[in-house]
Amino acid sequence: MTQSNAGHTLMKRSFRRKRLRENAAGLFFISPWLIGFLLLMFGPMMFSLGISFTEWNMVGSPKFIGLKNYIHMFTNDPFYFKSMIVTFKYVFIMVPLQVIFAILIAVLLNRATYGIKFFRSIFYLPSLIQGVTLALIFSWMLNDDFGPINYMLELVGLPRVHWLTDPNVALYALIFIALWGVGSPMVLYLSALRSVSSEYYEAADIDGAGPVRKFFNITIPLITPTILFNILTSLISAFQTIVLAFVLTGGGPANSTYFYSLHVYRNAFTHFKMGYASAMAWVMFILIVLLTGLVLASSKYWVHYEDDGGGR
Amino acid sequence: MHAIESKKRIQTILVLALIVLCAAAFLFPIAWMLSTAVKAPEDIFTPKPELIPSTWQWHNFADAWSAQPFGRFLLNTLIVVAVSTPFAMLSATMVAFGFARINFWGRSALFLFVIGTMVIPWDVTAIPLYIQYNKMGLINTLWPMILPGAFGSAFFIFLARQFIMGVPRDLDEAAEIDGCNRWQIYWSIILPLCRPIVVVIGVFHFVWCWNEFLTPLIFINDQSMYTLPLGINLFKNAFNIEYEKLMAVSCLSVLFPATLFYFTQNLILGGISLSGVKK
């Protein structure tokens with residue numbers, strides 16, 4: 001009796017010790033991320049949240065002004081809504097187009113019999129070129145008077161377009177340029193398409209389904225997990241877009257490419273309005289969280305995972 | 001029977017033609033970059049731009065390289081990449097091993113949290129980081145470029161965890177019976193098996209560091225600490241853009257990531273598809 005009791009407590013103690021050891025080991029292995037998070041994310045985030053309630057130019061000490069920054073951006077800053085609209089336009093045109101193009105090219109490549117590797121590399125190549133260089137190649141190609149694109153337009157009898165200097169066109173020109181980065185999602189779709197079992201298509205053949213029906217009823221549903229991943233990542237990065245506008249248009253012409261992030265950048269690092277810029281950044285953060293949350297919530301209606309039987 | 005066969009052949013040709021057309025559109029900007037890089041400045045601003053230059057000025061490359069201290073910029077970029085890439089590979093796999101294999105308290109919630117950090121916009125942390133780096137005396141050094149990747153980024157942790165979860169647990173258990181501790185299991189069993197995903201992380205991180213523009217733009221003002229993207233941007237000022245020089249240096253700069261991608265592409269694409277993006 002006493003012996004088994006002792007054994008019991010011993011087991012309990014060793015179990016507890018094992019749990020402790022597991023926790024310590026876990027903590028040890030994730031420590032690089034934990035340290036990085038506390039040092040480079042959590043601390044700065046809390047700091048910027050605090051600063052967003054102050055007026056501060058980085059030199060003196062911050063002056064607490066309550067919600068004034070937040071009130072100011074919604075009531076008094078003429079560029080605020082302008083930049084918000086520009087960013088939303090960019091996101092809601094660019095993200096769907098990118099998803100569609102990436103899928104179409106991947107489907108085409110997947111059907112090709114020759115040279116997949118070669119073409120795959122070609123489509124991926126622009127993603128390897130840094131944003132600044134890619135932007136400048138395009139600024140040259142889209143040059144009003146000396147660019148090859150306008151030259152080609154003229155050759156076929158079309159009028160020249162002021163790609164980057166016409167306020168009605170510039171944003172679309174930037175979207176067009178951004179689409180050259182379609183290579184990285186395309187690679188993801190390609191590997192997703194590869195893992196679609198051919199059984200589904202054979203079954204559809206027996207049912208006499210045409211290529212269009214096969215595409216919409218089999219291919220698309222089976223790659224919806226990749227589509228979700230693609231939408232989330234490009235949504236998050238499109239909202240924060242800045243490099244193209246920074247290098248090519250500086251927000252112009254007539255503020256038609258004045259992105260939200262550019263507005264934040266200018267306020268912070270040109271005008272040193274740190275409090276105001278932090279407040280704007282936080283509004284952006286909350287917007288992105290809400291939108292990704294919305295996409296994730298909607299995903300249960302349209303994303304099919306093969307293992308839960310929803311793949312058909 | 002014959003009709004079906006020829007219909008199939010026409011389909012194949014159509015698909016191929018479409019691909020070639022798209023590929024040409026994708027190659028055009030790159031061809032344009034190359035051709036501009038060897039053009040004479042007077043050939044650039046002509047109302048009749050040509051893809052094949054009339055004269056090939058190979059000395060553009062040397063001229064452009066010496067127009068700014070690009071040797072220094074290249075060295076800075078190489079230092080950033082060389083220091084941060086090994087850390088990025090190590091920390092991402094280490095953290096992923098912790099999440100995939102060790103049953104510690106709060107593991108799933110914490111992992112969701114890690115993924116959640118991908119949503120934080122750079123705008124939110126940029127300002128406090130600037131202040132923090134400023135206090136630590138790290139503005140105008142390469143550290144702001146090295147540090148974030150070195151601690152393991154969420155995206156890489158996610159990829160590595162997916163991969164490690166696909167490695168059979170029997171291997172760990174056998175090693176444990178042989179008396180290996182957790183670190184030995186990670187270091188001598190899991191890590192060698194993770195080679196494909198480690199290569200993926202290494203290459204992606206390399207390319208990301210190589211091309212990063214915003215981080216050095218914010219944290220580096222001193223020209224001697226510039227990395228290649230900032231150096232290239234120097235050819236563009238408020239008044240004009242020296243296109244031929246800019247394109248020449250851009251060509252040289254893209255050589256590094258392009259070579260790396262060329263030699264690792266099978267591993268990379270294999271690594272991604274193995275790790276899967278489903279869930």
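User: How many residues of domain 1 of chain B are in contact with domain 2 of chain B?
Analyst: In this predicted model, the domain assignment of chain B gives domain 1 as 1-56 and domain 2 as 65-275. The centres of these two domains, taken over C-alpha atoms, are separated by 34 Å. Domain 2 of chain B brings 7 residues to the contact, and domain 1 of chain B brings 8 residues.

User: Which residues in domain 1 of chain B lose the most area to domain 2 of chain B?
Analyst: About 600 Å² is buried between the two domains, with 86% of that area given by carbon and sulfur atoms. On the side of domain 1 of chain B, three residues together account for 60% of what is buried, and they are Met33(B), Thr36(B) and Ala37(B).

User: Which element gives the most to the side of domain 1 of chain B that touches domain 2 of chain B?
Analyst: Between domain 1 and domain 2 of chain B the count is 0 salt bridges, and the rule finds 0 residue pairs in polar contact with both at pLDDT 80 or more. Two elements of chain B give two or more residues to the domain 1 side, α1 (2-37) and α2 (41-44). By class, that side has 6 nonpolar, 1 polar and 1 charged residues. With 4 residues, the element that gives the most is α1(B).

User: What area is buried between chain A and chain B?
Analyst: The contact between the chains takes 92 residues from chain A and 94 residues from chain B. Carbon and sulfur atoms give 78% of the buried area, which is about 8500 Å².

User: Which residues in chain A lose the most area to chain B?
Analyst: By class, the side of chain A that touches chain B has 65 nonpolar, 18 polar and 9 charged residues. Three residues of chain A together give 10% of what that side buries, and they are Phe29(A), Trp33(A) and Trp140(A).

User: Which residue of chain B forms a salt bridge with Glu22(A)?
Analyst: Between chain A and chain B the count is 1 salt bridge. Its closest N and O atoms are 2.7 Å apart, and the partner of Glu22(A) is Arg182(B).

User: Which helix gives the most to the side of chain A that touches chain B?
Analyst: The count between the two chains is 12 residue pairs in polar contact, with both residues at pLDDT 80 or more. On the chain A side, the helix that gives the most covers residues 2-51 and supplies 20 residues; this is α1 of chain A.

How values were computed. Residues numbered from 1 in each chain as written. Chains lettered and ligands numbered in written order. Predicted model: local features only at pLDDT ≥ 70, side-chain atom pairs only at ≥ 80, totals over all residues. Heavy atoms only, no water. Domains from an automatic or database assignment. Contact = heavy atoms within 4.5 Å. Buried area = accessible area lost by both parts, 1.4 Å probe. Salt bridge = Lys/Arg side-chain N within 4 Å of Asp/Glu carboxyl O. Polar contact = N/O pair within 3.5 Å; in protein donor to acceptor, adjacent residues only side chain to side chain. Nonpolar A, V, L, I, M, F, W, Y, C, P; charged D, E, K, R; others polar.
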